[in-house]
Amino acid sequence: MTLLLAAAVLFGITLVFATLLGIAKEKLRVEEDPRIPAVTEALPAANCGGCGFAGCADFAKAVVEQRVACDGCPVGGFKTAARIAEILGIEVVQSYPYRPVIHCGAKTGDKKGVVEYDGVRSCVEANVVGVTQGCIYGCLGFGDCVASCNYGAMRMEDGLPVIDYAKCTGCGACVRACPRNIIESIPFKQERMLVIACSNKEPARLVKQVCTVGCVGCKMCQKLLADMFQIKDNLAYIDYEHYAGEEDREKVIAKCPADAMVYFGKPKPEYAEMLRQEEAAASQPV
Amino acid sequence: MSFGALIGIFLGVALVNNMVLAGFMGICPFLGVSRKVDMAVGMGCAVTFVMTVSGVVTWLLVHAVLTPIGAAFGNPEALYFLKYVIFIMVIASMVQLVEMYLRKFFPSLYTAFGVFLPLITTNCAILGACLLIDMKPEYQNLLNATVFAFGGGIGFMMAITIMAGIREHIRFSDVPRCLQGPGITLLMAGMLALAFMGFTGIGK
């Protein structure tokens with residue numbers, strides 16, 4: 001008897017709530033494009049924010065609404081772009097992966113005017129204090145970018161962050177973490193890319209006072225390769241749309257008086273061999 | 001029932017017997033959604049809403065449905081074993097309602113909550129509030145029950161907001177490596193609970 005009563009009461013209450021929820025669902029309906037969950041499914045689901053959106057679902061929404069291109073996911077790369085294109089029924093062409101590079105080449109020994117700093121060990125805080133070293137544009141070296149990396153692809157070495165491109169997914173967390181905006185995502189057209197390793201916009205005299213490897217804005221590179229190099233605010237910039245060939249680049253690097261250009265990415269084969277031998281020698285028992 | 005007694009109930013559940021810090025209920029969202037203050041406040045509002053409505057509805061169901069039906073068949077307490085099932089169902093329905101509402105009117109908050117919004121269903125603080133209301137004889141009138149449930153929600157919101165405020169600051173602190181992340185968070189939660197013990201005795 002009690003059991004029947006209980007079942008009846010439970011059924012009645014459930015019915016009331018089900019009806020209420022049903023009405024609410026109709027009243028509060030949100031129209032959603034069925035392609036949005038499909039695109040979300042195709043994404044890597046890392047939710048890293050590398051695309052500039054709050055998460056994969058947000059990016060999917062933007063893609064379906066055609067606010068951004070379908071190759072905007074730096075982690076998924078070309079494969080993901082192709083799958084999204086398939087869902088949306090559009091064509092996709094090969095694009096280059098974007099990877100971060102550091103526009104500062106000043107190792108600990110190259111910096112001038114370094115002072116004792118006892119404050120919080122973070123670039124954000126040190127940047128606010130602003131007097132930890134001579135150069136107000138260069139890397140502070142407290143490793144906010146290293147801490148921001150979710151993939152363990154960065155480490156500090158001799159006062160500068162070093163990126164392990166085998167682990168880097170190009171999510172851009174380090175780009176956002178740097179308070180001095182030294183880190184930039186550039187298209188990696190080749191395995192190693194030439195980068196201006198300086199951000200100092202002061203004239204040559206002042207650059208020389210704070211750094212031994214800073215770009216002095218001498219315009220030498222621009223004279224040699226006007227397409228690829230631009231000088232703005234006493235600082236050279238590389239236009240990666242017009243990335244020059246190997247030989248031309250070598251010529252420019254040889255001419256650069258400040259050593260302000262470095263290669264990022266994989267080392268050249270001959271260097272790789274040399275590094276391997278050095279490592280082998282170091283690991284041998286004494 | 002005087003106004004002062006209602007204030008007493010409210011302060012009692014919000015400060016002295018805070019659901020989170022004295023009762024150790026609802027720890028999951030307390031630690032999970034307390035990274036940013038605005039999200040914590042949003043979560044607090046959602047929990048307060050669900051707790052208040054569930055408290056009232058469960059009270060009504062117990063006193064206006066279960067008891068009279070049971071009494072009509074001889075034993076007023078005959079159907080009390082259904083309480084848990086019904087409570088959980090009420091809470092789940094309310095969470096669904098909040099979810100639909102947020103999705104329609106606050107999509108950014110909806111995405112920010114993620115999985116924690118459906119998880120309010122299993123927030124033990126809410127079921128705890130409903131059961132406490134049901135358990136104590138002094139809440140056998142609707143006004144007291146409402147104030148108790150609302151106070152419980154406000155207490156939860158206060159705790160999670162304070163926690164989020166501390167966590168926003170701790171990001172800039174030099175935390176020892178072994179304590180980073182969950183370690184320091186649990187330590188802070190413990191200290192916060194100790195601090196809330198200072199309210200003991202209010203209202204006596």
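## Starting from one helix residue

Author: Start at V128(A), which sits in helix α5 of chain A, residues 123-129. Keep in mind that this is a predicted model. In sequence, V128(A) and P179(A) are 51 residues apart. In space, their C-alpha atoms are 9.2 Å apart.

Step back to the whole of chain A. Its secondary structure amounts to 11 helices and 8 strands. The chain has 286 residues, and 31% of them are buried. Take the contacts of chain A with a separation of 6 or more. Of these, 59% join residues 24 or more positions apart.

Next, two loops in chain A. D158(A) sits in the loop that links β2 (154-157) to β3 (160-163) of chain A. Most residues other than glycine have a negative phi. D158(A) has a positive one, near 55 degrees, and is not a glycine. D158(A) has 11 C-beta neighbours inside 10 Å, so it counts as exposed.

Strand β6 of chain A covers residues 229-232, and strand β7 of chain A covers residues 235-238. The two run antiparallel and are joined by 4 bridges. I231(A) has A236(A), in β7(A), as its bridge partner. Between the strands of this hairpin lie 2 residues. D233(A), in the hairpin, takes a positive phi near 50 degrees.

Now turn to where the chains meet. In this contact, 21 residues of chain A touch 20 residues of chain B. On the chain A side, α1 (2-27) and α3 (56-64) each supply at least two residues. The largest share comes from α1(A), with 12 residues. What kinds of residue form the side of chain A that touches chain B? There are 14 nonpolar, 3 polar and 4 charged.

Follow α1(A) across to the other chain. Two packed helices are described by the angle between their axes and the distance between the axes. α1(A) packs with helix α3 of chain B, residues 37-72. Their angle is about 150 degrees, and their axes are 11 Å apart. Angles over 145 degrees count as roughly antiparallel, so α1(A) and α3(B) are roughly antiparallel to each other. Their crossing is right-handed. On the α1(A) side, the contact is made by L5(A), V9(A) and I13(A). On the α3(B) side, it is made by L61(B), V65(B) and I69(B). The residues of this contact come to 6 nonpolar, with no polar and no charged.

That brings us to chain B. It has 8 helices and 0 strands. From the N terminus on, the order of elements is α-α-α-α-α-α-α-α. Chain B holds 204 residues, and buried ones make up 37%. Of its contacts with a separation of 6 or more, 80% are between residues 24 or more positions apart.

Chain B also has a loop residue to look at. F24(B) lies between α1 (3-16) and α2 (27-32) of chain B, in the loop. Its phi is positive, about 55 degrees, although F24(B) is not a glycine. F24(B) has 15 C-beta neighbours inside 10 Å, so it counts as partly exposed.

Finish with a helix pair inside chain B. Helix α6 (residues 124-135) and helix α7 (residues 142-170) of chain B pack at about 155 degrees. Their axes lie 10 Å apart. That angle makes α6(B) roughly antiparallel to α7(B). The crossing of α6(B) and α7(B) is right-handed. From α6(B), the contact uses A125(B), A129(B) and I133(B). From α7(B), it uses A145(B), F148(B), A149(B), G152(B) and F156(B). By type, the residues of this contact divide into 7 nonpolar, 1 polar and no charged.

Note on methods:
Residues numbered from 1 in each chain as written. Chains lettered and ligands numbered in written order. Predicted model: local features only at pLDDT ≥ 70, side-chain atom pairs only at ≥ 80, totals over all residues. Contact = placed C-beta atoms within 7 Å. Nonpolar A, V, L, I, M, F, W, Y, C, P; charged D, E, K, R; others polar. Pairing = 2+ DSSP bridges. Axes fitted to C-alpha atoms, helices over the stretch in contact; angles between N-to-C directions. Parallel < 35°, antiparallel > 145°, perpendicular 65-115°, else oblique. Left-handed = near helix turned anticlockwise from the far one by under 90°. Buried ≥ 20, exposed ≤ 12 C-beta atoms within 10 Å, placed from the backbone.
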